[in-house]
Every structure is written in C-alpha cells, then in structure tokens.
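Please take a careful look at the sequence and the structure shown here.

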Amino acid sequence: MIKRADIEGRFWDKVGETTITGCLPWLGGFFRDGYPRMSIKDKGTRMHLWALERWYGPRPAGYLACHLCEHPWCVNADHLTWGTVRQNTLTSDTPAARNIKKTHCPAGHILNGINLYRHPDGSRKCRICVNSSKKRYRARLKRLPQI
C-alpha cells in the first residue's frame, strides 16, 4: 500500500519553483489535454485534482476543479477551487464569459430588461437593434422587383 507521505513526497519532487504569479508549475507528465499527471497505484491521476482534494477536502457532487489562475499546469491548491461548469466558464476568458459580461450593445443600448433579446443560439442581443435590422430587411425586400 502506498502511504500518503510517499505520494506527497513524489508530488513535491515534480513541482517547480513558484512563479511570479504564485503558480506552482508541474514538471512531471501531462495528460493530452494539458493537465498534470502522475501515476498512483498504476493509475494516471490528475494532480491538480489531487492537490485540491489533499488540502481542501473531497470534491462535492456535481463540481469540478476550477483554475483561478487559468493555467492548467498549475498545481497550487490556493489557485484552485471547486466550482460548477457554469462558474468555470464565466470566470475564464471565453466567448461565453465575454458575452455575459456585456452591459451594452455596440450601438450603446443597454442589454437588460425588456431590451434584452435571447437568441435561440444562446447569444444575447439588443431588441432595439434586432427590430431595426428586421425593419431594414423588410424595406429591402419591398424594393426588389416582383417576379
């Protein structure tokens, strides 16, 4: 049986020096998706998850490990937290996160309340601009020659 102290010792052997941002870079192997890997009991273990569980307790049901520093190679438990997929998406720099943070459309109209149009594709649009675009489209159709 592998002792916890042995695993922890192997863990620290594969951790580099703290970066300027406080990240602890993993110097060992990686999974294909870029997350740190180490074999424990002949099984590949995601070491950022191991670190988070080691210092902050077991993973709550329905939660995943979120990197607050946005560096998948970082194994600093202080840079990790348990969160939902939605929380992870909204705290990262993704199109979905940027879209949800928008407060105004490119024309300057506010994006909330009655002026907020939720498109079936999930995007948020300005109702004033959508209606204006529809009006211009219908006007163009009227100008086309009738066949």
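Helices (H or I, at least four residues) and strands (E, at least two) are DSSP runs, numbered from the N terminus. This is a predicted model, in which local features need pLDDT of at least 70 and side-chain atom pairs count only at pLDDT 80 or more, while totals for chains, interfaces and linings use all residues. Residues are numbered from 1 along each chain as its sequence is written, and side-chain values use heavy atoms, with hydrogens and water left out.

Helix α1 spans residues 4–13, and E8 is found in this helix. E8 counts as buried because its relative accessibility is 18%, where buried means under 20% relative accessible area, exposed over 50%, and partly exposed in between (1.4 Å probe, protein chains only). The side chain of E8 makes a polar contact with the side chain of R54, at 2.8 Å; such a contact is a pair of N or O atoms within 3.5 Å, and within protein one must be able to donate a hydrogen and the other to accept it, with residues adjacent in sequence counting only if both atoms are side-chain atoms. When neighbours within four places in sequence are left aside, E8 is in contact (heavy atoms within 4.5 Å) with W50, R54 and W55. In α2, the buried residues include W50, together with M47, H48, L49, A51 and L52.

The sheet comes next. Its three strands form an open sheet in the order β1-β2-β3, with antiparallel pairing, and two strands pair if DSSP finds at least two bridges between them. The edge strands are β1 (29–30) and β3, each of which pairs on one side only. Strand β2 (residues 36–40) and strand β3 (residues 43–46) pair over four bridges, and K43 in β3 is the bridge partner of I40. These two strands form a hairpin with two residues between them, and K41 in the turn has a positive phi of about 55°.

G57, which follows α2, has a positive phi near 95° and is found in the loop between α2 and β4. G57 is in contact with L52 and W82, once neighbours within four places in sequence are left aside; G57 and W82 are 25 residues apart in sequence and 9.9 Å apart in space, C-alpha to C-alpha. E70 has a positive phi of about 65° although it is not a glycine, and E70 lies in the loop between β4 and β5 (80–83).

The last stop is the largest pocket. A pocket is an open set of points on a 1 Å grid over the protein atoms alone, where a 1.4 Å probe fits, with protein on both sides within 12 Å along at least five of seven lines, and its lining residues have an atom within 4 Å of a point. About 250 Å³ of space lies in the largest pocket. Of the 16 residues that line the largest pocket, the closest to its centre are Y35, A65, C66, H67 and N88. The element that gives the most to this lining is β4, with four residues.

How values were computed
Points joined across faces, edges and corners; volume = space filled by probe spheres on them.
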